[in-house]
Every structure is written in C-alpha cells, then in structure tokens.
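Colleague: I would like to learn how to read sheets, helix packing and ring pairs in a model. Please take me through one case.

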Amino acid sequence: MLAEIRGLNEECGVFGIWGHNDSAHLSYYGLHALQHRGQEGAGIVVTDGQQLRAVKGEGLVNDVFNEEKLKSAIGNAAIAHVRYTTAGGGGIDNVQPLLFRSSTGTLAVAHNGNLVNAGHLKQHLERSGSIFHSTSDTEVVVHLIKKSKQPTFRGQVKEALSLLKGAFSLLILTKDSLMVARDRNGLRPLSLGKLGESWVVASETNAFDLIGAEFVRDIEPGELVVISDKGVEEDRYVDMEQRAMCAMEYVYFARPDSNIDQINIHMARKRMGKQLALECAGIEADVVTGVPDSSISAAIGFAEESGIPYELGLIKNRYTGRTFIQPTQELRERGVKMKLAPVVQVVKGKRVVMVDDSIVRGTTSRRIVKMLKEAGAKEVHVVISSPPISNPCFYGIDISSDEELIATGKTVDEICEEICADSLTFLSPEGMVEAIARPFDDENRGLCLACFTGKYPTEIYPDTVLPHEKELLR
C-alpha cells in the first residue's frame with residue numbers, strides 16, 4: 001500500500017560489491033532496485049584499495065547522485081545504503097554508509113535493521129570515553145569494534161557483533177575487505193551473488209537482477225562472510241538462534257520480483273490471497289481489486305481462488321511526489337486522492353472486495369473505503385492478507401508503540417465499523433505461515449510473527465548488560 005500515507009515503513013536497504021572497476025555505478029543501480037526500502041537518504045562509499053570516499057545525501061537516489069559524482073567515486077569495491085528514518089532520527093549525519101577514519105585505519109558501515117540494546121551499549125561506551133557523531137545505532141557497532149582487544153580486525157568485528165541484540169544486516173568496508181554479517185535470528189534479509197568475477201551482496205535479490213548478477217545463496221543468521229581479493233571466506237561470530245525472518249518482508253516490504261530463502265515474493269503473496277479466499281468463502285461480490293502496489297499479488301490470488309473477477313479498481317498516481325500533513329480533514333482527504341484514484345466504471349454499482357496487505361492505524365483504510373463508496377460501490381468488503389497488527393515492532397519497522405495500532409484492544413467487528421466497511425476479514429496467522437511456505441521445520445517455519453502475536457524472538461528491553469559484556473566494554 002502507500003507507505004507515505006499509511007505510515008508503515010521498513011528501515012533501509014544495503015548493497016555491496018567487491019572486485020569491479022565500476023563499483024559506484026553498479027551500486028547506484030543496486031540502490032535503485034532497493035529504493036522502496038528507504039526514501040529519506042542514500043549513500044555510497046567506494047575504495048580503490050588505498051582510501052575510502054563517500055558520496056551521500058538526503059532524498060531519493062536520483063536526487064543524491066549524478067554522473068559527475070559517480071565518476072568521481074573511483075574504486076573497485078563499494079557499499080551503499082538507502083535509508084528510511086526510524087531509529088536515530090533523520091539528518092545528513094545519519095545518512096549511511098557511515099565513514100570513520102582513525103590512526104589504525106578507515107572503515108565504512110551500512111546497516112539495515114534496529115539494535116534493541118543500542119541505547120545501553122552507548123551509555124557504557126560513553127562512560128568509557130566514546131563520543132558519538134550521529135544518533136544512529138549503527139555508530140555503536142564501530143565503537144565496539146574499536147573497543148575490542150582482539151588481536152585481529154576480524155576478531156574485533158566478531159566480538160563486537162556478538163554483543164548486538166536485535167535485527168541487522170550489516171556491511172563493513174575497508175580498503176582490504178568487505179565484511180558481511182546477519183543477526184543471529186536472521187530477522188532481516190541479506191543475499192550473496194556473483195557478477196562475473198565480482199561478488200555482490202544486497203538486501204533483496206531484485207538488485208542482482210538489475211545489474212545482471214547471479215544469486216549464489218542467502219547469508220545465514222549469525223554468519224560473517226569476508227570478501228577480499230583472496231575470495232570469499234565463510235565464518236561465524238555466533239551460533240544461530242531461533243530463526244525468525246520478519247513476516248512483513250513477505251507481506252509488504254520486499255519487492256514482488258525478489259526472493260527470500262528462495263521463495264518468490266509475488267508467488268507467496270498470491271498464495272496468501274488464495275488462502276484468504278478460503279478463509280472468507282462466504283463473501284458475495286462482483287469484483288475484486290487490490291490496493292496498489294503490494295496488495296496486487298494477493299488480490300490476484302484471491303480472485304483466482306474465489307472465482308470473482310479481478311479488476312483494477314484503484315489506480316496509484318506515481319508522479320505526485322511526497323505530500324505533507326494537511327491541517328484540515330478536507331485537505332487530508334484530497335491528499336489521499338492525489339495518491340489513489342478509483343476507477344468509477346469498475347466499481348460503480350458493484351459489490352467490491354478490496355484486498356490490502358495490512359491495516360496499521362486504519363485511517364487510510366477508512367479513506368479508501370469512503371472513496372470507493374463515493375465512486376458508486378454498493379458494498380465494500382475489506383480483506384487483509386495478514387493477521388491484525390496488534391503489537392509494536394522493535395526490529396526496524398516504524399511501529400514502536402501499540403498506541404499507534406488500530407488492532408490493539410479492538411475486535412475485528414470494531415475495526416470494521418471504524419473503517420466503515422461492510423465486512424472485514426484478516427488472514428489467520430496459521431494461514432499466512434502455510435501460504436508463505438518457507439522451507440524450514442522450526443517454529444513458525446522460521447518467521448517472526450511478533451507484530452501479530454506479541455511473541456518476540458529476542459529480548460525487547462535488555463536493560464542490563466551482562467557481566468561478560470561489561471568486561472568487553474571496559
């Protein structure tokens with residue numbers, strides 16, 4: 001659905017490449033493929049084997065980079081990042097990759113996710129003399145690396161990563177290597193690919209498709225991969241814990257042409273739509289439509305399973321740019337209409353099934369239902385291809401309080417009434433897990449369902465630093 005007006009966003013996408021003379025341009029294309037994961041800022045850091053150079057700024061990828069800037073970023077390796085502001089706030093200081101220079105070497109870091117213990121680690125680091133330049137939790141990682149007393153840089157990185165709790169896909173670039181790591185639960189996606197003799201990594205596999213790279217494999221939870229002129233070295237900084245890929249990657253965040261754990265996102269969403277049709281088989285309607293863009297796949301699946309024809313009943317305007325909060329109800333309604341428009345000839349006089357991927361606050365759902373009815377729809381039956389989001393996320397999605405969530409403390413009937421729909425059906429957690437069909441036998445097939453069930457795979461408020469961790473922070 002429309003992230004700007006609905007308020008559900010995921011924090012960031014990362015891309016890296018090693019061993020290609022045109023690393024800056026390829027990183028630029030990689031960021032284009034990942035633009036949906038963050039629109040607040042973008043950056044690229046390249047190395048020529050001697051020094052690291054950064055090009056970054058606030059805004060969309062096309063706003064930040066031009067040919068002159070890319071030509072000046074000469075190097076055979078790079079890491080890149082698109083950012084959506086959640087943890088740490090906005091501002092150029094928080095646009096990644098973050099670049100650090102010291103007497104012992106220069107490194108850059110790019111991070112997707114959220115560290116739930118960043119605040120407590122930062123407090124301990126500051127007590128021992130660390131000074132932070134940004135408010136991003138990513139900077140904590142670098143201070144932990146510099147604090148480590150391990151004799152090798154790889155050992156320092158492994159020790160630092162072992163202290164982190166929460167979600168992260170992390171890239172570290174030096175003049176000698178590209179280090180790639182994923183959190184011990186695998187909450188955020190990260191894949192390894194190959195382009196000729198070069199190695200690439202990205203948050204989503206669609207970035208490989210855009211630059212012509214071949215998918216090799218997913219980075220495993222708790223794994224550290226070191227890429228250099230010697231090749232690829234596989235290591236671990238910690239044993240994998242409960243596997244817990246964020247279910248919302250399949251529901252909403254990832255692009256339909258991406259694969260996560262070798263499952264295509266579009267096909268998973270179609271299956272969710274089919275399962276949803278089975279779970280609400282009693283609906284009588286004339287037409288099925290999806291809220292663009294992330295709900296289209298589920299709407300197609302729902303139509304195929306139910307036998308109700310699918311039509312484009314809502315059109316997304318791709319050229320409006322971002323809209324700001326408007327001071328009156330009338331202007332807010334007009335802002336939604338700038339983003340979405342009903343196809344009157346499709347919905348007028350019809351009983352419409354409106355398929356969406358999720359409901360967060362409910363305000364946009366209510367406005368779209370109203371819009372369809374104003375366009376002449378006789379009935380609007382809202383069906384959601386995920387369970388109710390009733391719990392906050394602490395792993396990099398900007399729903400950090402249950403006060404923001406319409407499903408917290410409300411029944412489905414109450415939500416239905418609030419969004420002014422004729423009926424409302426959510427996909428069951430069991431149906432969603434079955435439809436995604438991940439190839440694992442562990443709990444929930446290795447999915448994190450915390451925002452639906454309240455069962456978190458990690459500590460959420462780690463308000464203490466363990467004794468052995470305190471020793472490492474001295």
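Modeller: First, the ground rules. This is a predicted model, in which local features need pLDDT of at least 70, side-chain atom pairs count only at pLDDT 80 or more, and totals for chains, interfaces and linings use all residues. Residues are numbered from 1 along each chain as its sequence is written, and side-chain values use heavy atoms, with hydrogens and water left out.

Colleague: In what order do the 7 strands of the open sheet lie?

Modeller: Strands of a sheet pair through backbone hydrogen bonds, either parallel or antiparallel. Helices (H or I, at least four residues) and strands (E, at least two) are DSSP runs, numbered from the N terminus, and two strands pair if DSSP finds at least two bridges between them. Here the order is S3-S2-S4-S1-S10-S9-S11, with antiparallel pairing. Strand S3 (52-58) and strand S11 (214-218) are the edge strands, each pairing on one side only. Between S9 (residues 191-195) and S10 (residues 198-202) there are 5 bridges, and Lys-194 stands opposite Trp-199 in S10.

Colleague: Which strands does H2 lie across?

Modeller: H2 lies across S1 (13-18), S2 (41-47), S4 (77-83) and S9, at about 155 degrees to S2. Such angles run from 0 to 180 degrees between N-to-C directions, with axes fitted to C-alpha atoms, for helices over the stretch in contact; contact means heavy atoms within 4.5 Å. In helix H2 (residues 23-33), 9 of the 11 residues are buried, among them His-25, Leu-26 and Tyr-28. Buried means under 20% relative accessible area, exposed over 50%, partly exposed in between (1.4 Å probe, protein chains only).

Colleague: What kind of aromatic pair do Tyr-28 and Phe-65 form?

Modeller: A pair of aromatic rings is described by the distance of the centres and the angle of the planes. Rings of Phe, Tyr and Trp (its six-membered ring) pair if their centres lie within 6.5 Å; planes under 30 degrees apart count as stacked, over 60 as edge-to-face and the rest as tilted. Tyr-28 and Phe-65 are edge-to-face, at 6.1 Å centre to centre and 85 degrees between the planes. Tyr-28 lies in H2 and Phe-65 in the loop between H3 (61-64) and H4 (67-72), so the pair ties together parts that are 37 residues apart in sequence. Phe-65 is buried, with a relative accessible area of 5%.

Colleague: And the other sheet?

Modeller: It has 6 strands in the order S5-S6-S7-S8-S12-S13, again open and antiparallel.
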